[in-house]
Amino acid sequence: MENQIADRDLVARCLQGDDRDFEELIKRYSKRLYLFIFNRSGNPEDTEDILQETFMKAFRNISSYNPKWEFSTWIYTIAARTALSHFRYASIRKREPEIPLKPSPTPEEEIMKDDIHNVWNAADRLGKTKNEI
């Protein structure tokens with residue numbers, strides 16, 4: 001059996017500036033977190049996005065990890081909250097009304113618009129005296 005460094009020790013080494021130790025944490029948790037997230041999303045693209053964001057958040061906030069708790073609990077909590085946030089914002093984006101594009105008028109509508117304009121001009125001229133035209 002391989003002598004594996006504890007997650008807490010890898011985090012401690014990360015805090016000392018060794019990014020390779022964070023890469024080891026990524027290797028350890030990528031597959032499990034992927035399945036954890038995929039079971040919630042059912043979408044590989046969303047799962048990849050959430051997984052990547054989870055690791056980015058963990059890396060940025062590694063100093064807030066409390067070694068009195070398991071690292072796995074901490075990283076799974078980040079993943080769950082990131083997934084929830086992702087789907088919440090996706091739901092909001094879906095509910096935003098789309099601005100309907102005004103279709104361009106058909107040739108018949110253009111002709112009709114011109115005809116209506118001509119009729120109104122003719123009616124306007126009929127109401128004026130000869131000197132006003």
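1. Axes here are lines fitted to C-alpha atoms, for helices over the stretch in contact, with angles running from 0 to 180 degrees between N-to-C directions. In this predicted model, the axes of helix α2 (residues 19-41) and helix α3 (residues 44-60) come within 9 Å and cross at roughly 145 degrees, and the crossing is right-handed.

2. The contacts between these two helices involve, on the α2 side, residues including F22, I26, Y29, L33, I37 and F38, which meet a set in α3 that includes I50, L51, T54, F55, A58 and F59.

3. The structure holds 6 salt bridges, and one of them joins R28 to D7, with the closest N and O atoms 2.6 Å apart. Because R28 lies in helix α2 and D7 in helix α1 (residues 7-15), the pair ties together parts that are 21 residues apart in sequence. Both R28 and D7 are buried, the relative accessibility of R28 being 16%.

4. R28 also forms a salt bridge with E24, where the closest N and O atoms are 3.2 Å apart; E24 and R28 both lie in helix α2, 4 residues apart, or about one turn of the helix. E24 is partly exposed, with a relative accessible area of 27%, and D7, E24 and R28 are linked in a network of salt bridges.

5. A further salt bridge pairs R20 with D18, the closest N and O atoms being 3.2 Å apart. R20 counts as exposed at 62% relative accessibility, whereas D18 is partly exposed at 22%.

6. I116 is placed in helix α5 (residues 107-126), and at 45% relative accessibility I116 counts as partly exposed.

Methods. Residues are numbered from 1 along each chain as its sequence is written. This is a predicted model: local features need pLDDT of at least 70, side-chain atom pairs count only at pLDDT 80 or more; totals for chains, interfaces and linings use all residues. Side-chain values use heavy atoms; hydrogens and water are left out. Buried means under 20% relative accessible area, exposed over 50%, partly exposed in between (1.4 Å probe, protein chains only). A crossing is left-handed if the near helix is turned anticlockwise from the far one by less than a right angle, and right-handed if clockwise. Contact means heavy atoms within 4.5 Å. A salt bridge is a side-chain nitrogen of Lys or Arg within 4 Å of a carboxyl oxygen of Asp or Glu.
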